Amino acid sequence: MTTASTTKTKPGRTSRKGGAAPPAAPRRGRRTEFTTRRGLLIAAFMAPAAVFVAVFTYYPVLAGGQMAFRNWKLTDLTDTSWVGLKNLRDVFADPAWGTVLGNTALWVGGSIVPQLVIGFALALWLRRHFRFRGLYQALIFFPWAISGFLIGILFRWMFNSEFGVVNDLLQKTGLIDEPIAWLSDPDTAMTAVLIANVWYGVTFFAIMILAALQSIPDELYEAAALDGAGKARTLFQITIPYIRTTLALTVLLRIIWIFNFPDLIFGMTGGGPNDETHIVTTWMIKITQQGDYGKASALGLIVVAGLLLFATFYLLATREKREVKS
Amino acid sequence: MIGKETPAGRAVKVAFLGVWLLFTVFPLYWITVTSLKAPGDIFAFPIAYWPEHFSLQNYSELFGTADFGTYLTNSLVVATVAGVVATVISMLSAYVLARFEFRTKTALLMAALVTQMIPSFIALGPLYLLMTDLRLVDNRLGLALVYIAVCIPFCTVMLRGFFENIPDALEEAAMIDGLSRFGALFRVLLPVMRPGIVAAFIFNFVNCWNELFLSVTLMNSDANKTVPTALNGFISSFNIDWGSMSAAAVLTILPTMVLFAFASRHIVQGLTSGAVKG
């Protein structure tokens with residue numbers, strides 16, 4: 001796949017600059033010549049997508065971004081003057097900010113590590129063919145069809161302190177003596193939302209890693225077996241290095257996505273008890289509901305800036321590793 | 001992995017796969033069982049793992065008092081329209097991004113990536129004002145338009161992966177045989193792409209079907225609510241009616257699960273061909 005895409009792009013670039021297409025890819029060269037017809041086709045095919053995303057995504061986001069520097073409160077819409085960095089200061093000065101930041105770190109880290117480890121294990125074991133593998137894959141795929149909000153509701157019912165099945169099962173197996181008030185105790189509430197998110201997210205890792213594993217040539221394993229490498233060595237010296245790029249990208253995508261995923265917590269605890277399970281994005285919902293759009297937008301800007309910075313550094317760091325290796 | 005499997009290793013593997021399957025399926029089993037219990041039995045002790053009295057009362061209440069049929073229809077209409085239009089539009093942009101080199105290409109791909117980092121809440125207020133100006137608040141078409149915009153970036157990247165997996169030689173041959181670029185695209189390329197297109201549509205449909213926050217913001221009247229908005233309405237009241245809630249959950253989950261079951265293989269391929277390349 002990779003080789004196909006590189007041969008596709010390289011001749012295109014040279015032919016546009018040099019004018020003449022390299023003999024290896026004459027057809028690609030023709031296509032990348034600059035002609036009005038070609039430009040028109042690109043513009044016409046890109047236009048619908050660009051217009052939709054510009055009007056319904058980028059315009060509202062930019063309009064929302066400028067609210068971050070204005071006094072924008074539903075309680076007093078007559079005064080929407082510019083207030084500079086006041087909203088940002090309000091966010092950092094809020095007593096909940098520390099808790100929210102800590103929870104967000106816990107939410108992202110506590111979700112991604114078990115998702116990655118369990119997803120990796122599933123992928124390794126699903127690689128070998130066994131009876132009912134297709135059915136098994138289809139069944140463990142199901143959580144993905146459900147909205148995060150509904151998953152929150154599902155687990156909220158199971159973690160119910162009086163009628164919840166979790167307490168019942170734990171008491172039947174003798175692991176606990178008395179029912180736990182899972183969602184009203186801050187410590188257990190965070191554990192409960194993390195369990196729900198792991199339930200949801202493992203599948204994605206399993207799929208991505210399984211696909212990457214299938215690209216590893218069998219000869220590599222045969223060579224390793226001849227050298228007498230054990231299972232652990234094979235895993236760390238062949239499997240993981242070979243799929244490093246996929247792993248790094250999957251982890252990056254998921255970190256961004258889990259960070260920006262208020263739905264599950266919103267459905268399960270609503271950020272409670274006492275703000276103890278709020279992450280940045282659910283807290284943003286709460287501030288919006290309180291009517292302070294300026295402060296909520298300031299928080300939104302912090303999120304976008306933080307994620308962009310993180311993505312840039314992450315990509316640079318993983319790229320460096322890849323180059324050092326090769 | 002490839003070497004011989006020891007009996008102990010096999011036992012660990014089977015146990016792990018079994019436990020994970022149970023963990024995955026149990027919540028779905030549990031919500032279904034709850035929805036089929038007679039309302040009084042839901043809060044009975046000891047907890048019954050199989051309904052003592054089977055009852056469809058939770059479901060009949062949902063359609064009698066809550067008008068759940070309307071919400072299901074609204075969701076179906078909005079998700080289908082948005083899913084189809086977003087897939088068609090993304091197909092065009094994905095084709096261009098996969099087959100041509102041009103100056104703004106990297107910028108366009110970056111713009112698609114950045115949409116994934118923006119928390120939707122920053123846009124809700126301005127979006128509401130924009131839709132008010134366009135007279136599209138509390139309007140199913142309006143919601144569909146917004147969903148189309150939400151689906152396009154990811155769908156484009158996913159379909160681009162599919163296009164790149166199809167050799168150029170295919171269109172080349174069609175064009176040598178006398179078809180125009182458009183002829184080659186529509187009569188040769190798209191039929192080959194069908195699994196990818198179906199997967200992209202289902203992915204879009206499920207995302208729109210499940211979307212909550214935009215729908216809560218834009219749909220106010222009871223006649224226009226979508227399913228997630230209605231579910232959210234069920235919880236904001238102080239006590240949750242768990243019987244109706246679980247019945248509603250089953251009805252919400254079922255259609256998307258059936259779709260995913262049919263298309264899971266294609267979706268897996270679609271997700272991976274888009275991202276593995278990096």
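Modeller: A salt bridge is a side-chain nitrogen of Lys or Arg within 4 Å of a carboxyl oxygen of Asp or Glu. The model discussed here is predicted.

Biologist: How many salt bridges are there between chain B and chain A?

Modeller: The contact takes 97 residues from chain B and 99 residues from chain A. By the definition above, the count of salt bridges between the two chains is 0.

Biologist: Which helix gives the largest share of the side of chain B that touches chain A?

Modeller: The area buried between chain B and chain A is about 9,600 Å², and carbon and sulfur atoms give 78% of that area. On the side of chain B, 15 residues come from one helix, which spans residues 242-275. That largest share belongs to helix α11 of chain B.

Biologist: How many nonpolar residues has the side of chain B that touches chain A?

Modeller: Sorted by class, this side of chain B has 15 polar and 12 charged residues. The number of nonpolar residues is 70.

Biologist: Is B:Thr226 buried or exposed?

Modeller: B:Thr226 lies in the loop between α9 (213-218) and α10 (227-236) of chain B. Its relative accessible area is 4%, and a residue under 20% counts as buried. Therefore B:Thr226 is buried.

Biologist: Which side chain makes a polar contact of 2.7 Å with the side chain of B:Thr226?

Modeller: Among the residues that B:Thr226 touches are B:Tyr71, B:Asn74 and B:Leu143. A polar contact of 3.0 Å joins its side chain to that of B:Thr229. The polar contact of 2.7 Å is made with the side chain of B:Ser215.

Notes:
Residues are numbered from 1 along each chain as its sequence is written. Chains are lettered from A and ligands numbered from 1 in the order in which they are written. This is a predicted model: local features need pLDDT of at least 70, side-chain atom pairs count only at pLDDT 80 or more; totals for chains, interfaces and linings use all residues. Side-chain values use heavy atoms; hydrogens and water are left out. Contact means heavy atoms within 4.5 Å. Buried area is the accessible area (1.4 Å probe) that two parts lose on being put together, summed over both. Helices (H or I, at least four residues) and strands (E, at least two) are DSSP runs, numbered from the N terminus. Ala, Val, Leu, Ile, Met, Phe, Trp, Tyr, Cys and Pro count as nonpolar, Asp, Glu, Lys and Arg as charged, and the others, Gly among them, as polar. Buried means under 20% relative accessible area, exposed over 50%, partly exposed in between (1.4 Å probe, protein chains only). A polar contact is a pair of N or O atoms within 3.5 Å; within protein, one must be able to donate a hydrogen and the other to accept it, and residues adjacent in sequence count only if both atoms are side-chain atoms. Lists of a residue's contacts leave out its neighbours within four places in sequence.
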